[in-house]
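Please keep the sequence and the model in view while reading.

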Amino acid sequence: MVKLPEDPAILLSFINTMLRDKYKNLSELCDDFNINDSKITEKLDLIGYKYSPEQNQFK
């Protein structure tokens, strides 16, 4: 199993790439990684990024 990056900027890049290339939404990605979506959203909120379901990416 892949470990998610700890650094928020690297996590942002990783998550957006995975959302673009493999997952149709954040919930699907979180299910696959067995992680609560709030852990990702809270970490990326620290650097000013919010999830956009319409665009399926953090902006």
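In the chain, the mean positions of the 8 positive and 10 negative charges lie 3 Å apart. Lys and Arg count as positive and Asp and Glu as negative, with His and the chain ends not counted; each charge is placed at NZ of Lys, CZ of Arg, CG of Asp or CD of Glu.

The model is predicted: local features need pLDDT of at least 70 and side-chain atom pairs pLDDT 80 or more, while totals for chains, interfaces and linings use all residues. Residues are numbered from 1 along each chain as its sequence is written, and side-chain values use heavy atoms, with hydrogens and water left out.

The chain comprises 3 helices and 2 strands, in the order α-α-α-β-β. Both are DSSP runs numbered from the N terminus (helices: H or I, at least four residues; strands: E, at least two). Of the 59 residues, 31% are buried, where buried means under 20% relative accessible area, exposed over 50% and partly exposed in between (1.4 Å probe, protein chains only).

Side chains of opposite charge can pair when their charged atoms come close. The whole structure holds 5 salt bridges, each a side-chain nitrogen of Lys or Arg within 4 Å of a carboxyl oxygen of Asp or Glu. One of them joins Glu-6 and Lys-43 at 3.2 Å, N to O. This pair links distant parts of the chain, 37 residues apart: Glu-6 precedes helix 1 (8–21), and Lys-43 belongs to helix 3 (residues 37–45). Glu-6 is exposed, at 51%, whereas Lys-43 is partly exposed, at 22%.
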